[in-house]
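Here is a short briefing to read alongside the model. Have the viewer open and follow the topics in turn.

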Amino acid sequence: MMQKGALNVQKIREDFPILKRKMSGGKQLVYLDNAATTQKPLAVIDSIHDYYMNYNSNIHRAVHQMAEEATLAFETTREKVAKFINARSIEEIIFTRNATEALNLVAYSWGRANIKKDDKVVITEIEHHSNIVPWQILTTEKNAKLEYIGVDDDGYLKMNEYKKHLDSNKVKLVSVTHMSNVLGTIVPVNDIIKMSHEKGIPVLIDGAQSVPHMQVDVQKMDCDFMAFSAHKMLGPTGVGILYVKKEILEKMPPFLGGGDMIKEVHKYETRYNDLPYKFEGGTPNIADVIGFSAAIDYLNNIGMDRVREHEIELTKYAIDRITGVKGVTLYGPRNTKDRGGVVSFNIGDIHPHDLATIMNDHGIAIRSGHHCAQVLMERLDVSATSRASFYIYNTKEEIDKFIDALDEARRLFKI
Amino acid sequence: MSDDIYREIILDHYRNPRNKGKMANPDVSIHDSNPLCGDEIDIHLKVDGDKIKDIKFEGRGCAISQASASMLTEMVAGKPLTSIKDLTKDDILENIGLTNLGPARIKCALLSLKVLKLGMVQYYANKDPASAKKLQDDSKGL
Ligand SMILES: Cc1ncc(COP(=O)(O)O)c(C=O)c1O
């Protein structure tokens, strides 16, 4: 039953046992590293436990009862994922290990078959390494070119640069993140896809930071590929999702050869399995895919629009408070409409790792470093930033504690 | 905890690093970074006989990594280059006065020693590959 109005955060927190944890020094955990991975509700933990306790078996092959139960549970997750992002069918949903593997699957399978010498692949300066390195490997192998859409000082993509790339008529793939894991920037993917499709160019969306935090509809968006990770949306680690439009998937060569992805194997040839199984070689992460089901149920119960509203409110509050702290440089768009619940910043000459150490003394988990986005770090001309990122269980009181710890850092560093 | 780490002396070396900067015609220059956090250190050496005649470092990163590099240059200036191989993790942590760093932050403190050891090996690799190999083996376990 979907709920209405503001989130009942206190009630939500009850479902996450880890949030009660005391850190060394007896401080209550304040978890603000949700862009890296989110915590898991009891329902997810219980469902994995239940699988191993009661029906652990391999899927798709055996006919015994437990195998049937496991197969059913595994495939139920696929149906829920398809519905969650509004895919047309379960044939379009491929399970991988994580978003990184999903992005690599596109590069190795679709990319190798379609990118040729002098073709261009267009990405952006705000990409995570997982949406840069596979394209470097592919374009190097194929003697093709990798091109970037730049980002302006306010954290917005330079759409005129994008237009120029498209006008070169050499672009064969556009691969962009939906939301920056550093700046929080929500990228205008609808415009990007529309412009690209006018030239017949497919678009891959890295949804690792968007699918967990807002309503994402792959049919409305009309992306051709989308990758995301279960562990960033209350689910277990070890489960990634690749969505591919069926008509594209039908033409893609397989990725990993082996069991489960075949129909018949003969000495020198193989008939591949139907979609999506053709792309899922080997025994998958059965337990965690099953656990992911409970995470989707949990988010559906809350409703993704309410998740987004809660994060906008927290982000607004955090930005208001942090801009009042002396010495702070804030990165990314100021308008919360254009950004997700990720706040990256630097303060004085305190290196982010030193800040994270000080925060840790207060039981506060934030992220510091290059956030797997060194191309963006170079663009911002910093070696690292500190980052606080929010989710459904975070509160304004936690942000207050975070600001208090910032003040403590200023005291220690005499800023 | 943080009060113990971010003491006056660490902040002083962080903000006013000793022996920091470029070096004209170094005998050896070596660069390394910590992929975990992106801290970077370059060390340049001038060697006279077996003596470290001049040492300079460049780098960017956290207070611990940069202060540790600054203090290391003071510690080894004028010493025999081969003596670097005997420097241990504990020597460095004692030198900077931070003996209870967590595993993640220890890497920050030890980056400059790692670079210096690499520099030592490289210096001898150009002259006497056999002894360089032995130095490298002796310096393991960093
Ligand atoms: C924007 C973005 N893309 C991709 C990834 C990679 O996700 P994973 O490490 O789960 O493969 C991340 C995770 O940090 C991310 O933030």
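Contact here means heavy atoms within 4.5 Å. With that cut-off, 17 residues of chain A are in contact with 19 residues of chain B. This is a predicted model, in which local features need pLDDT of at least 70, side-chain atom pairs count only at pLDDT 80 or more, and totals for chains, interfaces and linings use all residues. Residues are numbered from 1 along each chain as its sequence is written, chains are lettered from A and ligands numbered from 1 in the order in which they are written, and side-chain values use heavy atoms, with hydrogens and water left out.

**Interface between chains A and B**

- About 1500 Å² is buried between chain A and chain B, and carbon and sulfur atoms give 46% of that area. Buried area is the accessible area (1.4 Å probe) that two parts lose on being put together, summed over both.
- Between chain A and chain B there are 4 salt bridges, each a side-chain nitrogen of Lys or Arg within 4 Å of a carboxyl oxygen of Asp or Glu.
- A:D349 and B:R15 form a salt bridge, with the closest N and O atoms 2.7 Å apart.

**Salt bridges overall**

- Over all chains, the structure holds 37 salt bridges.
- A:K263 pairs with A:D274 at 2.6 Å, N to O. This pair links distant parts of the chain, 11 residues apart: A:K263 lies in strand β9 (residues 262-265) of chain A, and A:D274 in the loop between β10 (270-272) and α10 (286-302) of chain A.

**Helices α2 and α3 of chain A**

- Helices (H or I, at least four residues) and strands (E, at least two) are DSSP runs, numbered from the N terminus.
- The axes of α2(A) (residues 42-55) and α3(A) (residues 65-84) come within 10 Å and cross at roughly 160°. Axes are lines fitted to C-alpha atoms, for helices over the stretch in contact, and angles run from 0 to 180 degrees between N-to-C directions.
- The two helices, α2(A) and α3(A), are therefore roughly antiparallel (over 145 degrees).
- Their contact is made by A:Y51, A:N54 and A:Y55 of α2(A) with A:M66, A:E69, A:A70 and A:A73 of α3(A).

**Helices α12 and α14 of chain A**

- Helix α12(A) (residues 352-361) packs against α14(A) (residues 396-412) at about 120°, with the axes 9 Å apart.
- From α12(A), A:L355, A:I358 and A:M359 make the contact; α14(A) brings residues including A:F402, A:A405 and A:L412.

Note on methods:
Angles under 35 degrees count as roughly parallel, over 145 as roughly antiparallel, 65 to 115 as roughly perpendicular and the rest as oblique.
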